[in-house]
Amino acid sequence: MRNKISPQNPEKFIFPKTPTGIEGLDEITEGGFPKGRPTLICGSAGCGKTLLSMQFIIKGITEFNEPGVFMSFEEPSNDLALNVKSLGFDLEKLKSEKKLVVDHVRVERSEIEEAGEYDLDGLFIRLGHAIDTIKAKRVVLDTVESLFSGLENQAILRAELRRLFNWLKEKGVTALITGERGEATLTRQGLEEYVSDCVIILDHRVIEQVSTRRMRIVKYRGSTHGTNEYPFLIDENGISVLPITSLKLNNEVSSDVVSTGVPGLDAMFEKGGFYRGSNILISGTAGTAKTTIASYFALEQCRKKERVVYFAFEESPQQLLRNMKSIGIELEKYVKNGSLQIHSSRPSLNGLELHLLTLQKIIREFKPTTIIIDPISNLITVGSEFEVRSMLVRLIDMLKVNNITALFTSLNKQNDTLRPDMAEESVSSLVDTWVTVRDMEGIGERNRGIFIIKSRGMGHSNQVREFVITSSGIKLLEVEVGPNGILTGMARHSNLIDKEVNQLKKENELGRKDREIARKRKVLEANIAALRSEFESVEEELSILKSTEHLESRIKSEKKTSKPAKK
Amino acid sequence: MKKQQPEWQLRLYIAGQTPKSTTALNNIKKYAEEHLKGQYSIEIIDLLVNPQLAEGDQIFAVPTLVRKVPEPIRQIIGDLSNEERVLVGLNIKPLK
């Protein structure tokens, strides 16, 4: 293989490493095991040493085209082949392709007699022959310590092992040596004395009946490495390591907004929904419709042709579908057309790590754009709060990297304040948007309210909105403000009735006033008519008077003109 | 029949002509002549020449003496300087 030179920084020295091909392990070792040097893997029985080294060899062949030699001191090669076949590795095929040599070195004390000086040249020759025939780059010695139980002369053995490891270095192969965990030392026979370039400890612990495997890099000469204990898993694909914090929080972000799917809830967010790739927490006490809101979200995403995975830790898929159908959320057709997957399992089925890996695997295979976990709080039954938190950190990291919108629900205990309780705080700082649904109890009834606690990077409503669930789904009710704040339930109802009564009263009052005015107008008009008729009679009288007077004066003047004629 | 298939078939694995392998060869020849005269054969395998043969007899140390016949197969590792252990290992009752 040609040495790779980093294009960004050609001057920078890169410690030569051999990638293991084991998921996550290359991340924490920052590239793999030291190239051309031996690495010690130690751990107690059953913690995965053989598997790890076998995977190292097989991945070397299949992914990096580096042939390998597996020298087993414990298991016959047939058993080995059978053991790893269940993990999907076909040793026979690789052997026939001349990429792999599996050699079982049987050291049986009862069959061996030591008589005088000897050395382990036989082993060297065997190994050397195997390496040379397939031009191996990788070698595993599993578990070289078996020699100690098979041979009496420990002084020779120690000297020879030292020589063996030096010889491996000279050969330029990347070697993996496994060793049993000792009481006071890393390995029972103190192999770490000889192999000191890179030492990795595997550990298998059972805490509260849930087993977790962990791995730690004790030392790694010439290279930086992750120093924490990292959980790892063995499943049907072999080992995968889950770095707790692989992310440096510099993932791409999206400004796309996805709708919440809940009628009315979008309006509570300034931009009308959640950001794509953000994490949403729906918390609330029992029976506050967290699952319903989650299903609404799922439905909305399915409608928008997104791919959705729904992890239900409380209900079976059938039950979930039935229940949601009862309130008008039809998810079934999306399950049928493949845009929605529902995975149900009991949280106690697996350890947390296996849950995480399951999630990881589904995400890798299905490539969803949205995932829903309902509820995350159930996972606390499997691990301590700290463990759950660390698992969620990793999960959220992973989702962020893949720009997957995630909605979690969380069950919390009822308390008096509107603030959520401590159980959620393990997650609260991790999520971007936090919506709480809660019961509002009072005057002999229970009402549901929804409000937004936070929404990173987006303005949001500060109101507690009451909502009801009917056979046609969730309905957010308009805010009803009473004299003592927002009203809900019966209070809202009675307030509404009051309002109606007041309205009626007002209408009646108005009607009455109108009628009164009409009556008054009639009176006024009658009065005007009376006055007018009175005025008219007076006027008539006056005109009669005037005409009488006029007549009289004319008669008088007629008499005057006739008088002088008589004179 | 007896001549073709000696009662004792021994194999000595060595890795080149080292002092240890020479010592081992001399020793086993001596013991065999002493205790198994006429009923043994010794095959010498140099692993530097035939490295592929190491796997078959589960050789990891040199020199190694393997008793192929009579069964069960026994291995004696070392330069065979300790006569008693070689004889015990080969299950030969020393003639006293």
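### Where A meets B

The contact draws 21 residues from chain A and 30 residues from chain B; two residues are in contact if their C-beta atoms, placed from the backbone, lie within 7 Å. On the side of chain A that touches chain B, β6 (112–114) and α5 (121–134) of chain A are the elements giving two or more residues, and α5(A) gives the most, with seven. Helices (H or I, at least four residues) and strands (E, at least two) are DSSP runs, numbered from the N terminus.

This is a predicted model: local features need pLDDT of at least 70, side-chain atom pairs count only at pLDDT 80 or more, and totals for chains, interfaces and linings use all residues. Residues are numbered from 1 along each chain as its sequence is written, with chains lettered from A and ligands numbered from 1 in the order in which they are written.

Now for the sheet. β6(A) pairs with β4 (residues 74–77) of chain B in the parallel sense, over three bridges; strands pair if DSSP finds at least two bridges between them. The partners include these:

| Residue in chain A | Opposite residue in β4(B) |
|---|---|
| A:Ile112 | B:Gln75 |

The open sheet has five strands, in the order β6(A)-β4(B)-β3(B)-β1(B)-β2(B), with mixed pairing. Its edges are β6 of chain A and β2 (40–46) of chain B, each pairing on one side only.

Helix α1 (residues 19–35) of chain B lies across β1 (8–14), β2 and β3 (64–69) of chain B, at about 170° to β1(B). Axes are lines fitted to C-alpha atoms, for helices over the stretch in contact, and angles run from 0 to 180 degrees between N-to-C directions. Helix α3 (residues 83–90) of chain B also packs on the sheet, touching β6 of chain A as well as β3 and β4 of chain B.
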